[in-house]
Amino acid sequence: MTTATTDERALVELQRDHGPALLSFLLGLTYGDRQRAEDLVQETLVRAWQHPEAFEAPYESMRPWLFTVGRRLAIDARRSRMARPTEIGDGVLETTPDPADVTESAVAALDVRAAVRELSAEHRAVLVRIYFHGLTVNEAAADLGIPAGTVKSRSHYALRALGRCLPGYSRTLSGSLPG
């Protein structure tokens, strides 16, 4: 079974008569992205080629049909892009440290250790038990012989102090306390 398609001459004439106006219209819908607008023009013309019955409609011009199809294709394309994660360029990959490179983590560990040594003994004791020994707040409180609320308070202020000493690491230090 073969599907009827639009005559090639009619399609060339359609492109010549309405292509520039359709491109201009789609440029507006794509916020000036010429490549995307040109792709949408081509897809709109493919739809016209696939639907010869549109040429037989009682309209004086095919322009309203073309604009409607182009608009719907632009909306569908936008929805499709919004449903996928944002693509990133190569520039981000070039500046992102290689996870297999242990140099970055070694430098970070040295920076954190130096910053922890600058904390008061009380703050350092809490952080060492919670983050380095993996104790819960209640376990650290029992180990240090102080209330759990004091452990939470000291760890909060200790993390804030570390955030000031390590501005590049402040996001990774703001995690929640275990237990």
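The model is predicted, so local features need pLDDT of at least 70 and side-chain atom pairs count only at pLDDT 80 or more, while totals for chains, interfaces and linings use all residues. Residues are numbered from 1 along each chain as its sequence is written, and side-chain values use heavy atoms, with hydrogens and water left out.

**Overall picture**

The protein chain has eight helices and zero strands; helices here are DSSP runs of H or I with at least four residues, strands are E runs of at least two, and numbering starts at the N terminus. Of its 179 residues, 25% count as buried (under 20% relative accessible area with a 1.4 Å probe, protein chains only; exposed is over 50%, partly exposed in between). The chain exposes about 12,600 Å², and 53% of that comes from carbon and sulfur atoms (Shrake-Rupley method, 1.4 Å probe). Among contacts (heavy atoms within 4.5 Å) with a separation of 6 or more, 59% link residues 24 or more positions apart.

**The cores**

A nonpolar core is a set of buried Ala, Val, Leu, Ile, Met, Phe, Trp, Tyr and Cys residues joined through side-chain atoms within 4.5 Å. The largest one has 16 residues, and Leu14, Leu26, Leu40, Val41, Ala48, Met62 and Leu66 have the most contacts inside it. Helix 1 (8-29), helix 2 (34-50) and helix 3 (63-83) each supply at least two of this core's residues. Apart from it lies another core, of ten residues, including Val112, Ala115, Leu119 and Leu166.

What does Leu26 touch, leaving out residues up to four places away in sequence? Its partners are Ala37, Leu40, Val41, Thr44, Gly70, Arg71 and Ala74.

**Two helix pairs**

Axes are lines fitted to C-alpha atoms over the stretch in contact, with angles from 0 to 180 degrees between N-to-C directions.

| Helix pair | Axes come within | Crossing angle |
|---|---|---|
| Helix 1 and helix 2 | 9 Å | roughly 140° |
| Helix 6 and helix 7 | 9 Å | roughly 130° |

Helix 1 and helix 2 are therefore oblique to each other (under 35 degrees is roughly parallel, over 145 roughly antiparallel, 65 to 115 roughly perpendicular, and the rest oblique). In helix 1, Leu11, Leu22 and Leu26 are among the residues that meet helix 2, whose side includes Ala37, Leu45 and Trp49.

Helix 6 (residues 121-132) and helix 7 (residues 137-144) are therefore oblique to each other too. Ala125, Val126, Arg129 and Ile130 of helix 6 make the contact with Val137, Ala140, Asp143 and Leu144 of helix 7.
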